[in-house]
Amino acid sequence: MKPLQELVRPNIWALKPYSCARDEFKGVKADVFIDANENPYPNGVNRYPDPLQEQLKQAISPMKGVPVDNIFLGNGSDEAIDLAFRVFCRPGKDNVVAIDPTYGMYEVCADVNDVEYRKVSLTANYDLDPDALLAACDDNTKLIFICSPNNPTGNAFQREKIEKVITGFQGVVVVDEAYSDFSPLHPFRLDLQKYPNLIVLATFSKAWAAAGIRLGMAYASTEIIGLYNKVKYPYNVNVLTQRKAMEILGNATLLQRHISMILEERETLLNALGFLPICKKVYPTDANFILIKVTDADSIYKYLVQKGVIVRNRTRVHLCGDCLRVTVGTKDENTKLLAALRQYV
Ligand SMILES: *Cc1c(COP(=O)(O)O)cnc(C)c1O
């Protein structure tokens, strides 16, 4: 890895962050708060939120095995993705490299930030080619994006292949583990000490059943977390989100139950889909969705819409011709999907 200072945009390296009222007194015990121009009458949300979400990070840390100082919390992983561009990539100069196909937000954030986005195709069976990724990099490549388990293909990549990219790259590798709760593979968030050039993304939107509160994580070295904290909006995670997340974290049993129900339903669905004549291929999955190749994705998609069943049509995505992406739903939802597909002629 290059020295961090060489990788970070010079204006960000030099940035003096906004100092909010609550940063200044830190550590002192007080009971009169007349520093932030808030309305003093309590209604549950009259006070600004904790800018660094200490309590929430204390709760996430033991559960995810990541020290508090290595955690950034944001408005969905979307914020963590966008911040990677804003911290590392000089608009109009730097570039990033990503696997293709993958999650669409990396490219959108690259475009918004005026950063060149270089796509490196996965192999025909959706595997990662570390040498091809590294070969696409030049001296201005700041980030490599690897999503594993990958969206929309569903598969997780072999650990050794991802490691080869991390150790072979001079910049920062972003490994998106949004779906790692559904995969038996050892997550990269537990290897932060080994890899100073690693950012791991995670989210409350999938296994945690909280897409609506917009809460995402980036796990990285304390230096990278410090840069993220400097650039983020001061109060980027609102009071209601922090409160709801604490409640959700208090119910780990429910999380485990959801994960096992989804995995069980995934098996049932994988099996049943394989028997459908319209289904030409069911791809292996380590996530809470299944990619299937069908006889005619556009017409089957439209047919399903008419039946009130909405799946994701991925037919125009690289390497995904005639593919639909199906999220594992409840038993009832999956039954309705299968019933509709069985009636398709
Ligand atoms: C769904 C998803 C996310 C989650 O994004 P949020 O902004 O946290 O809701 C992140 N990465 C991938 C690859 C996803 O599919």
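Trainee: How many bridges pair strand S2 with strand S4?
Mentor: Happy to start there, bearing in mind that this is a predicted model. Strand S2 covers residues 95-100 and strand S4 covers residues 141-147.

Trainee: In what order do the seven strands of the open sheet stand?
Mentor: The pairing in this open sheet is mixed. S1 (71-74) and S3 (116-121) each have a single partner strand, so one side of each is left without a neighbour in the sheet. With those two at the edges, the order reads S1-S7-S6-S5-S4-S2-S3.

Trainee: By how many degrees are neighbouring strands of this sheet turned against each other on average?
Mentor: Here the direction of the strands is ignored.

Trainee: What angle does the direction of helix H6 make with that of S3?
Mentor: Helix H6 spans residues 105-112 and packs on the sheet. There H6 touches S3, S4 and strand S5 (172-176). Relative to the direction of S3, that of H6 makes an angle of about 155°.

Trainee: And helix H9, at what angle does it run to S1?
Mentor: Helix H9 is formed by residues 222-231. H9 lies across S1, S5, strand S6 (198-203) and strand S7 (216-219). Its angle to S1 is about 25°.

Trainee: Are H5 and H6 parallel or oblique to each other?
Mentor: Helix H5 (residues 76-88) packs against H6 with the axes 9 Å apart, at an angle of about 45°. H5 passes H6 in a right-handed crossing. Given that angle, the two helices are therefore oblique.

Trainee: How many nonpolar residues does the contact of H5 with H6 have?
Mentor: H5 brings Asp78, Ile81, Asp82 and Phe85, which meet Met105, Tyr106, Cys109 and Ala110 in H6. By class, this contact has two charged residues and no polar ones. The nonpolar count is six.

Trainee: Which residue in S11 is the bridge partner of Ile290?
Mentor: Let's turn to the open sheet of four strands, ordered S8-S9-S11-S10 with antiparallel pairing. Within it, strand S9 (residues 289-294) and strand S11 (residues 323-327) are joined by five bridges. For Ile290, the partner in S11 is Val326.

Trainee: Which helix packs on this sheet, touching S8, S9 and S11?
Mentor: The helix is made of residues 252-274. Its direction makes about 5° with that of S9. The name you want is H11.

How values were computed:
Residues are numbered from 1 along each chain as its sequence is written. This is a predicted model: local features need pLDDT of at least 70, side-chain atom pairs count only at pLDDT 80 or more; totals for chains, interfaces and linings use all residues. Side-chain values use heavy atoms; hydrogens and water are left out. Two strands pair if DSSP finds at least two bridges between them. Axes are lines fitted to C-alpha atoms, for helices over the stretch in contact, and angles run from 0 to 180 degrees between N-to-C directions. Contact means heavy atoms within 4.5 Å. Angles under 35 degrees count as roughly parallel, over 145 as roughly antiparallel, 65 to 115 as roughly perpendicular and the rest as oblique. A crossing is left-handed if the near helix is turned anticlockwise from the far one by less than a right angle, and right-handed if clockwise. Ala, Val, Leu, Ile, Met, Phe, Trp, Tyr, Cys and Pro count as nonpolar, Asp, Glu, Lys and Arg as charged, and the others, Gly among them, as polar.
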